[in-house]
Amino acid sequence: MKRKAAFFDWDGTLSCDGVEVVPENREAIHTLHEMGHAVLLCTGRSTAYIPPAALDMGFDGVVAGAGAYVRLGDRLLYRRYLPPTRVPVLLALIAKEGQTCVLEGEEHIFLINEGKQDKRFPKEWIRLPSAEDYRPYQQQIISKLTLYGATSQATEALLAPLFTIIRHSTYTEVLPRGCGKAMGMRYMLQALEIAPEDSWAFGDSFNDLDMLSFAGVGVALAEAPDPVKAAADLVTAPAGEAGVAQAIYQLLRDAR
């Protein structure tokens with residue numbers, strides 16, 4: 001069996017709650033490692049937002065910020081971020097419209113207009129009452145931003161020419177232009193000297209679409225939206241039922 005590179009989304013895929021991993025998934029990852037395959041985290045979260053449980057999994061590398069940051073071991077392969085001069089312009093428009101905005105950085109997460117949402121945000125995030133309060137942090141490296149609620153035509157007109165936009169039902173991810181999980185996979189596979197057809201990808205969200213399509217085998221979780229499942233080669237059980245582990249063992253059996 002050829003060496004495989006397995007890419008795993010975190011939220012809703014490896015972890016059903018974004019915090020912990022069920023034992024079955026952890027054991028399946030360990031099995032892949034013991035067999036000599038490359039095991040890689042491929043998450044929409046920026047590096048500052050990756051939880052301890054994910055860091056403890058022993059991944060060989062990380063694609064973070066939905067492709068804005070790619071690291072194999074201690075070797076940084078690729079890095080893109082929102083232009084610092086653009087961030088205040090974006091925030092000024094967003095603040096005017098009253099949207100909740102999350103700036104996901106490599107070192108910190110910034111939350112602006114928290115009161116506009118019922119969602120509970122992590123207490124360790126830096127809370128800023130207004131866009132003006134971000135000024136002391138303007139030199140921070142921001143991998144992506146996330147907007148909660150519907151975006152206006154004015155915001156869309158500002159974002160579309162300059163950024164990659166991924167729309168979800170209740171929020172929108174804004175990435176550096178051209179970034180995506182599939183691009184992160186390309187850099188990682190090149191460094192690993194593994195062909196795309198020998199890669200597996202596991203995901204459940206709209207930011208996983210390009211990853212599932214690009215991989216040799218794309219695996220979607222049962223709770224994924226229909227377009228995401230349609231892009232996959234295999235649909236597995238829900239995250240809470242260790243769908244990742246079930247799919248890993250099925251793929252290993254099929255590869256014999």
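The structure is a predicted model, in which local features require pLDDT of at least 70 and side-chain atom pairs count only at pLDDT 80 or more, whereas totals for chains, interfaces and linings use all residues. Residues are numbered from 1 along each chain as its sequence is written, and side-chain values use heavy atoms, with hydrogens and water left out.

The secondary structure of the chain comes to 8 helices and 14 strands, where helices (H or I, at least four residues) and strands (E, at least two) are DSSP runs numbered from the N terminus. The radius of gyration of the chain is 18 Å, close to the 18 Å that the globule rule gives for 256 residues, so the chain is as compact as a globular protein of that length; this radius is taken over C-alpha atoms, and the rule is 2.2 Å times the number of residues to the power 0.38. Along its principal axes, the C-alpha trace spans about 60 × 35 × 30 Å. Of the 256 residues, 52% count as buried, a term that means under 20% relative accessible area, with exposed meaning over 50% and partly exposed lying in between (1.4 Å probe, protein chains only).

An open sheet of 8 strands, with mixed pairing, has the order E5-E4-E3-E2-E1-E12-E13-E14, two strands being paired if DSSP finds at least two bridges between them. Strand E5 (75-79) and strand E14 (234-236) stand at the edges with a single partner strand each, so one side of each is left without a neighbour in the sheet. Neighbouring strands of this sheet are turned by 20 degrees against each other on average, direction ignored; axes are lines fitted to C-alpha atoms, for helices over the stretch in contact, and angles run from 0 to 180 degrees between N-to-C directions. Strand E4 (residues 69-72) pairs with E5 in the antiparallel sense over 4 bridges, and Tyr69 has Arg79 as its bridge partner in E5.

Within this sheet, strand E12 (199-203) is largely enclosed by the rest of the structure, because 5 of its 5 residues are buried. In a regular strand the side chains alternate between the two faces of the sheet. In E12, Ser199, Ala201 and Gly203 point one way and Trp200 and Phe202 the other way. E1 and E12 run parallel and are joined by 4 bridges, with Phe7 opposite Ala201. E12 also pairs with E13 in the parallel sense over 4 bridges, and the bridge partner of Phe202 in E13 is Val219.

The largest nonpolar core has 29 residues, and those with the most contacts inside it are Phe8, Leu14, Leu32, Phe202 and Ile248; such a core is a set of buried Ala, Val, Leu, Ile, Met, Phe, Trp, Tyr and Cys residues joined through side-chain atoms within 4.5 Å. Helix H8 gives the most to this core, with 6 residues. Helix H8 (residues 243-254) lies across E1, E12, E13 and E14, running at about 135 degrees to E14. Leaving aside neighbours within four places in sequence, Phe8 is in contact (heavy atoms within 4.5 Å) with residues including Leu14, Leu32, Phe202, Val244 and Ile248.

Elsewhere, Thr155 has its place in helix H4 (residues 153-159) and counts as buried because its relative accessibility is 2%. Not counting residues up to four places away in sequence, Thr155 touches Leu93, Glu97, Gln99 and Leu147.
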